[in-house]
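Subject: Structure for your files

Hello,

Here is the structure I promised to send. My notes on what was found in it follow below.

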Amino acid sequence: MSAIPPGSGPRPLPAARRTGRAALVGAACTALAVALTGCGGEGDPDAGTNGMGKLPAAKIEAKARAAAQRAETVRLSGSVVSQGRTYKLDMSLAKDGAKGELTTKAAAFQLLRIGEALYLKADAAFWAGEKSGRSGTPDQAAGKLDGKYVKVPAKDPVYQRFSGFTDKETLLAGLLGLHGKLTAGDRGDLGGVRTIRLAAGAGSGGTLDVSLEGTPYPLRLQRAGGAGVVRMADWGKRVDLKAPDKDQVVDYGARISGGDR
């Protein structure tokens with residue numbers, strides 16, 4: 001066998017070529033890593049969330065209820081069916097009172113509660129109906145209440161019927177009930193906030209959308225049996241409660257309603 005002539009074997013790459021190849025391989029590896037990371041992020045619906053989506057449905061509901069109870073304030077808007085009546089509401093509620101508007105088929109009126117004092121502001125037709133137990137023509141007495149804040153006695157049926165709409169704990173306890181086996185999974189977006197939906201009884205028992213960002217507040221409720229849809233917002237934001245000026249208040253101090261419409 002003849003000897004290999006000196007210098008005829010494989011030669012080492014020049015330094016510049018070695019550096020160029022290493023840089024190319026490194027860039028390719030980096031690009032692949034970024035691509036894989038990106039694919040992994042897009043495939044994980046819980047990336048960047050509060051982690052509620054990884055929990056069982058019952059635990060999500062429990063945490064949402066706890067968050068709602070801890071919050072000092074909330075704004076509720078939407079529609080609620082109660083005792084055969086449909087109420088449209090837009091109420092800002094705090095632990096010591098509330099303010100907002102309630103609308104029925106017959107009338108629209110404002111509610112304001114500060115502590116135990118409940119004020120109701122409506123037109124004369126509303127008060128005429130309350131006195132007669134049905135929609136009625138405003139009389140002189142009802143006319144004096146037109147556009148005024150009527151301070152409603154605690155024992156009056158008007159107080160009993162509407163004060164619950166101004167009580168944060170009572171109202172949320174009644175609204176947040178879901179009926180049936182809970183499931184979770186559908187993701188959505190409410191006002192730019194990512195959510196996860198809880199469904200009870202495959203949706204027939206109501207649905208609840210819970211925030212996947214920050215505190216897991218409930219954000220939207222569809223009640224069972226078509227009993228209304230309510231949005232929940234402004235959790236923890238200050239509600240300015242101020243008693244009306246005295247010249248705008250009528251302290252009725254006696255029974256207002258003659259019956260239920």
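A polar atom of the Ser-211 side chain lies 2.8 Å from the backbone oxygen of Glu-213. This is a polar contact, that is, a pair of N or O atoms within 3.5 Å; within protein, one must be able to donate a hydrogen and the other to accept it, and residues adjacent in sequence count only if both atoms are side-chain atoms.

This is a predicted model, in which local features need pLDDT of at least 70 and side-chain atom pairs count only at pLDDT 80 or more, while totals for chains, interfaces and linings use all residues. Residues are numbered from 1 along each chain as its sequence is written, and side-chain values use heavy atoms, with hydrogens and water left out.

Ser-211 belongs to strand E9 (residues 207-211); strands (E, at least two residues) are DSSP runs, numbered from the N terminus. Ser-211 has a relative accessible area of 4% and is therefore buried (under 20% relative accessible area, 1.4 Å probe, protein chains only). Leaving aside residues up to four places away in sequence, Ser-211 touches several others, including Asn-50, Arg-194 and Tyr-217 (contact means heavy atoms within 4.5 Å).

Now the strand pairing (at least two DSSP bridges between two strands). E1 (residues 73-82) and E2 (residues 85-94) are antiparallel and share ten bridges, with Gly-78 partnered by Leu-89 in E2. In their hairpin, two residues lie between the strands, and Gln-83 takes a positive phi near 50°. E1 also runs antiparallel to E11 (residues 229-233), joined by four bridges; there, Arg-75 has Ala-233 as its bridge partner.

Regards

Definitions and conventions. Buried < 20%, exposed > 50% of the residue type's maximum accessible area, 1.4 Å probe, protein only.
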